[in-house]
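Please examine the sequence and the three-dimensional structure shown below. The paragraphs that follow lead from the helices to the core, and then to the aromatic rings and the backbone.

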Amino acid sequence: MNLVYAAALVVSTACLVLLDLRYALVFRRRPLAGAAALVIGLLFFIAWDAAGIALGVFRHVDSRWATGLLLAPEFPVEELLFLVFLSYLTLILLSARQRLRTREGSR
């Protein structure tokens, strides 16, 4: 079992948490709205993956970088970690963009 990819995703997500805490972009600013948006994004992407798996578009391939642990057939644990990272990153980028536009508008 190799934890390289999973650890990289966890460390990257932890860095997003630090950015969020430092600049109050998502959870420090509006925790309930941020949590709701993150959960909705995760549910959307999990459904997307489930549809892709059911249609045979997505399949799990063994990798020397992955743990090999599956949460469901063809759905590795790293995919869930990636979806959390992707959704959270999107929330942070959108919040940062909105803050920059607001700042430019007030000048």
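A residue is called buried if its relative accessible area is under 20%, exposed if that area is over 50%, and partly exposed in between, with a 1.4 Å probe and protein chains only. The model is predicted, and for this reason local features need a pLDDT of at least 70, side-chain atom pairs count only at pLDDT 80 or more, and totals for chains, interfaces and linings use all residues. Residues are numbered from 1 along each chain as its sequence is written, and side-chain values use heavy atoms, with hydrogens and water left out.

The helices come first. Helices (H or I, at least four residues) and strands (E, at least two) are DSSP runs, numbered from the N terminus. The expected span of a helix is 1.5 Å times one less than its number of residues. Helix α1 has 20 residues and extends 29 Å from its first C-alpha to its last, close to the expected 28 Å. Its buried residues are Ala 6, Leu 9, Thr 13, Leu 16 and Asp 20. Viewed down the axis of α1, these buried residues fall within an arc of 80°, so they line one face of the helix; the arc is that of the directions from the helix axis to the C-beta atoms. The face turned away from this buried side carries the exposed residues Val 11, Leu 18 and Arg 22. Among the elements that cover the buried residues of α1 is α3, where contact means heavy atoms within 4.5 Å.

Helix α2 has 24 residues and reaches 34 Å from its first C-alpha to its last, close to the 34 Å expected. Which residues of α2 are buried? They are Gly 34, Leu 38, Gly 41, Leu 42, Asp 49 and Gly 52. These buried residues pack against β2 and α3.

The next topic is the core. In soluble globular proteins, nonpolar side chains tend to be buried together. A nonpolar core is a set of buried Ala, Val, Leu, Ile, Met, Phe, Trp, Tyr and Cys residues joined through side-chain atoms within 4.5 Å. The largest such core here has 11 residues: Leu 16, Leu 25, Val 26, Leu 38, Leu 42, Phe 75, Leu 83, Phe 85, Tyr 88, Leu 91 and Ile 92. Helices α2 (31-54) and α3 (77-105) each supply at least two residues of this core, and α3 gives the most, with five. Leu 25, one of the core residues, touches Leu 19, Asp 20, Ile 92, Ser 95, Ala 96 and Arg 99, not counting residues up to four places away in sequence.

A pair of aromatic rings is described by the distance of the centres and the angle of the planes. Rings of Phe, Tyr and Trp (its six-membered ring) pair if their centres lie within 6.5 Å; planes under 30 degrees apart count as stacked, over 60 as edge-to-face and the rest as tilted. By this rule there are three aromatic pairs. Phe 27 and Tyr 88 form a tilted pair, 5.5 Å centre to centre and with 55° between the planes. Phe 27 lies in the loop between α1 (4-23) and α2, whereas Tyr 88 lies in helix α3, so the pair ties together parts that are 61 residues apart in sequence. Phe 27 is partly exposed because its relative accessibility is 28%, while Tyr 88, at 5%, is buried.

The rings of Phe 44 and Trp 48 have centres 5.8 Å apart and planes at 45°, so this pair is tilted as well. Phe 44 and Trp 48 are four residues apart in helix α2 and hence separated by about one helical turn. Ring pairs link Phe 44, Phe 45 and Trp 48 into a cluster.

Finally, the backbone deserves attention. Most residues other than glycine have a negative phi, and most peptide bonds are trans. Ala 24, which follows α1, has a positive phi near 50°. Ala 24 is buried, with a relative accessible area of 16%. Glu 74 has a positive phi of about 70° although it is not a glycine. Glu 74 is placed in the loop between β1 (70-72) and β2 (75-76) and is partly exposed, with a relative accessible area of 32%. Just after α2, Gly 56 takes a positive phi of about 80°.
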